[in-house]
Every structure is written in C-alpha cells, then in structure tokens.
Amino acid sequence: MRPFGTTIFAEMSALAVRTGSVNLGQGFPDTDGPAAMLDAAAAAIRGGRNQYPPGPGVPELRAAVSAHQKAFWGLDYDPDGEILVTAGATEAIAATILALCEPGDEVVCFEPYYDSYAASIALAGAVRRPVTLRVVDGRYAFDPAELRAAFGPRTRLVLLNSPHNPTGKVFTAEELAQVAALCEEFDAYAVTDEVYEHLVFADAAAPHVPLAGLPGMWDRTVQISSAGKTFSCTGWKIGWACAPRPLVSAVTRVKQFLTYVNAGPLQPAVAVALDSPPSYYEQFRDDLQRKRDRLCEGLTEAGFAVLRPEGTYFVTADITPLGGTDGVEFCLALPERCGVVAVPTQVFYDDVDAGRRLVRFAFCKRDEILDEAVARLRRL
Ligand code: PMP
Ligand code: GLN
C-alpha cells in the first residue's frame with residue numbers, strides 16, 4: 001500500500017482547517033438529513049440496540065433496501081440472502097473486489113475513479129484497466145474502442161460508478177448497453193457504485209438506470225449504494241450490496257473478517273429514511289440542482305471553464321482560462337491565494353495528463369458558504 005499515501009480528501013480537508021479556508025474539497029454536506037432518521041437513531045441508542053447486529057444487517061434495513069430497489073428501479077432483491085449491509089459503500093466495494101478477484105485478475109474501471117477503487121484493487125492483488133473519460137464538446141465521454149480494448153481473458157469485473165464522481169457524468173442507456181454487452185462477451189461481473197442514485201438533475205441527458213436492470217445483467221451484478229449522500233449522513237457509514245445469493249454469500253465471507261458488522265443503532269434509522277415519501281427524494285435533488293447552478297454560475301464568473309454536471313454533488317472545471325496549467329499546484333496554492341479548497345482531479349487518473357488542468361468543487365453546502373467561496377474565487 002506504500003504508493004497510496006494519504007487520501008486526497010483527508011489531505012485537502014486538513015489544508016482547509018489549517019488555513020481557515022472555505023472547504024469545497026471533500027464531499028460532505030453541511031446540513032443534517034431527515035429529522036425522522038435522526039430521531040430514530042437516538043431512539044435506537046436509548047432503546048438499547050447497542051450490541052452486535054445480525055451479520056447481514058438488521059432485518060428492517062434489509063427490508064427497506066429491498067423495497068427501495070423495487071420502488072425506484074424495479075429490481076427484486078430478497079432481503080434474506082440477496083442484501084448485505086456494510087460499513088458504507090466503501091466497504092461494500094472493497095469486500096466485493098476481494099471476494100471476486102484472484103491475484104492477477106483484471107478490473108476494468110473508468111477514470112477519473114473514486115480513490116478507494118485503485119486501493120481496493122491493489123489489496124486484492126488485482127490489476128486495474130482504466131478507460132479514460134475525456135471531455136468532448138463539453139461532456140465527459142469514453143471511446144468505445146478503448147473500452148473494448150480494456151477487456152481481455154483476465155477480466156474479472158467492471159467497476160462502474162454512475163452518476164460519476166468526480167465528473168458528474170450520468171452514463172446513458174447506450175453507454176450502459178456497451179458495458180453490459182462486454183460483460184456478457186467476456187463473462188465478467190459488474191460492480192456498480194450508485195451512491196449518487198438520487199442525484200440526477202432534471203436537465204440530464206439520461207435518467208439514472210441501474211446496470212443490473214439491463215437484460216442478462218442482474219445475475220452478474222453486485223449493486224452498491226449507501227445512506228451517506230442520499231440522507232446527508234456521510235459520517236454514519238451505512239451502505240449495502242445487493243446481488244444474487246451466491247455473490248452476496250461470497251461478499252459476506254470477506255466482510256465478516258473486515259468489520260464483522262457495523263453501527264447497529266444507525267441501521268434501523270436508515271431504514272426509516274429509506275421509507276421517506278417520494279417528495280423527500282425530489283426535494284433533495286431539486287435543492288442540489290439549485291446549488292449546482294449557483295456554484296456553476298459563480299465559477300464561470302470567476303473565470304473557470306465549467307463542465308456542468310448532470311448528477312452528483314460535484315462540479316469539475318478547467319483552470320486554463322485562469323492561467324493554471326496544473327491542478328495540484330493550483331489547489332495547493334488556492335488557500336493562500338483566496339481561502340478556498342478544491343480537489344485536483346488528476347489524482348484520480350492513471351493518465352495524469354488527461355486530468356492535469358481539472359479541479360473539482362463540492363456544492364453540497366449551504367448557499368451562504370457557496371456564495372462566500374465564489375466571492376473569494378472572484379478575487380483570483
Ligand atoms: N463511491 C463514490 C463514488 C463516492 O463518491 C463515495 C463517497 N461518499 C463513496 C463511494 C463512499 O461512500 P461511503 O461513504 O458510503 O463509504
Ligand atoms: N465521496 C466524498 C468525495 O468524493 C468523500 C470521500 C472521502 O472522504 N473518502 O469527496
């Protein structure tokens with residue numbers, strides 16, 4: 001693990017604290033999730049639900065995940081054996097890769113990729129085969145020939161994150177079909193990271209479509225999500241993996257020795273949150289869309305070339321119009337220059353040049369924080 005150092009998120013948040021900067025680096029909201037969820041957690045703690053919960057997760061959370069999958073995506077998962085509760089999506093991803101990959105197996109993923117992917121692949125002794133998302137006509141896209149070339153006889157799985165962090169890209173039906181066809185052709189599993197499933201904005205070119213719902217894909221897909229983003233509780237680390245029984249069984253075998261179980265009293269509270277009325281999910285998305293627009297406009301006025309995201313709560317921007325040539329240098333100097341922290345996205349690429357001039361800002365913050373950040377950035 002030596003090459004992995006400290007995660008960029010910890011590094012940039014520490015920089016924000018040290019310099020008293022507005023932190024638009026690490027993605028976490030600065031307001032709390034639904035009151036009913038918070039009350040349910042407090043009640044569970046006061047009510048004595050403080051010992052080890054069952055291995056697969058508390059029954060009411062597995063039932064709630066199952067109902068949510070059915071209601072939003074039309075997917076059927078049996079709460080008894082096809083759903084595993086994990087310590088956030090991060091553990092679900094790690095345990096799944098460790099469960100499915102032998103040393104030397106290859107994992108196809110799109111870069112820029114969420115930083116834990118490379119680390120989890122390395123922990124399994126597997127090899128990552130990144131396919132680069134490049135900006136074409138203001139949109140992030142991949143070359144289908146490059147995707148095909150990434151698959152081969154050692155491909156074990158493809159790791160797909162849509163809506164995608166850090167680009168905000170939502171994979172279209174056509175792109176998902178290309179991924180699905182290659183999974184079938186090369187008999188590969190798909191592991192989908194859908195933590196931003198409820199953050200696809202109204203003007204996106206495509207709605208969120210889980211890969212597991214495409215013909216032939218349910219049997220070979222481990223679908224992963226978590227409560228952190230949807231219910232603004234990133235510190236709770238409650239996530240889940242949904243898959244056919246043999247796959248969940250394999251992931252459980254690994255998970256039991258990573259963490260055994262996690263956060264008992266928070267699980268029934270997340271079950272309450274998942275049961276929120278549709279208006280909760282709509283308002284959550286609309287609020288974030290408004291924040292996206294607020295920050296995108298501000299960044300444009302400040303001189304960035306903004307790549308407006310279709311989903312997630314991140315926006316990437318090119319620093320070239322501001323005279324920047326390297327995102328790492330730019331982000332390290334930014335607190336001194338104007339008191340704002342952002343994340344250089346080149347750290348999420350193997351092909352560093354593809355992301356050299358891109359930086360990422362999080363807009364999951366109160367309006368006054370976004371406005372303050374923009375006022376500071378306009379001094380650049
Ligand atoms: N995947 C992506 C794409 C993310 O942005 C994050 C950050 N929340 C995670 C996984 C990790 O989620 P969790 O906090 O539930 O482990
Ligand atoms: N997912 C969040 C981000 O991308 C935070 C991740 C983390 O701190 N590990 O910024």
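# Exercises on helix packing, domains and ligand shells

Helix α3 (residues 59-73) packs with α10 at an angle of about 25°, their axes being 8 Å apart. The model behind these exercises is predicted.

**Exercise 1.** Work out how α3 and α10 are oriented to each other, and which residues meet.

*Solution.* 
Step 1. Take the angle of about 25° between α3 and α10.
Step 2. Angles under 35 degrees count as roughly parallel.
Step 3. α3 and α10 are therefore roughly parallel to each other.
Step 4. As for handedness, α3 passes α10 in a left-handed crossing.
Step 5. From α3, the residues Glu60, Leu61, Ala64, Val65 and His68 meet Gln267, Pro268, Val270, Ala271 and Leu274 of α10.
Step 6. Sorted by class, the residues of this contact are seven nonpolar, two polar and one charged.

**Exercise 2.** Describe how α11 and α14 (residues 367-377) pack.

*Solution.* 
Step 1. The axes of α11 and α14 cross at roughly 10° and come within 9 Å.
Step 2. That angle makes α11 roughly parallel to α14.
Step 3. Lys291, Arg294, Leu295, Gly298, Leu299 and Ala302 of α11 meet Asp367, Leu370, Val374 and Leu377 of α14.
Step 4. The class count for the contact of α11 with α14 is six nonpolar, one polar and three charged residues.

**Exercise 3.** Locate the domains of the protein chain, and say what the side of domain 1 that touches domain 2 is made of.

*Solution.* 
Step 1. The domain assignment gives domain 1 as 2-33 + 279-377 and domain 2 as 35-275.
Step 2. Taken over C-alpha atoms, the centres of domain 1 and domain 2 are separated by 24 Å.
Step 3. Across the boundary, 31 residues of domain 1 are in contact with 34 residues of domain 2.
Step 4. On the domain 1 side, α11 (278-302), β12 (314-318) and α13 (352-355) each supply at least two residues. The largest share, six residues, comes from α11.
Step 5. By class, this side of domain 1 has 15 nonpolar, nine polar and seven charged residues.

**Exercise 4.** Which residues come nearest to ligand 1, and which surround ligand 2?

*Solution.* 
Step 1. Around ligand 1 there are 14 residues, of which Gly88, Ala89, Thr90, Asn165 and Ser226 come nearest.
Step 2. The helices α4 (88-100) and α8 (227-230) each supply at least two residues of the ligand 1 shell. The largest share, three residues, comes from α4.
Step 3. The ligand 1 shell divides into three nonpolar, eight polar and three charged residues.
Step 4. Ligand 2 is surrounded by Thr7, Phe9, Gln26, Gly27 and Asn165.
Step 5. The shell around ligand 2 has one nonpolar, four polar and no charged residues.
Step 6. Comparing the lists, Asn165 is named among the residues nearest to ligand 1 and also among those surrounding ligand 2.

Key: Residues numbered from 1 in each chain as written. Chains lettered and ligands numbered in written order. Predicted model: local features only at pLDDT ≥ 70, side-chain atom pairs only at ≥ 80, totals over all residues. Near = placed C-beta within 6 Å. Helix = DSSP H or I, 4+ residues; strand = E, 2+ residues; numbered from the N terminus. Nonpolar A, V, L, I, M, F, W, Y, C, P; charged D, E, K, R; others polar. Domains from an automatic or database assignment. Contact = placed C-beta atoms within 7 Å. Axes fitted to C-alpha atoms, helices over the stretch in contact; angles between N-to-C directions. Parallel < 35°, antiparallel > 145°, perpendicular 65-115°, else oblique. Left-handed = near helix turned anticlockwise from the far one by under 90°.
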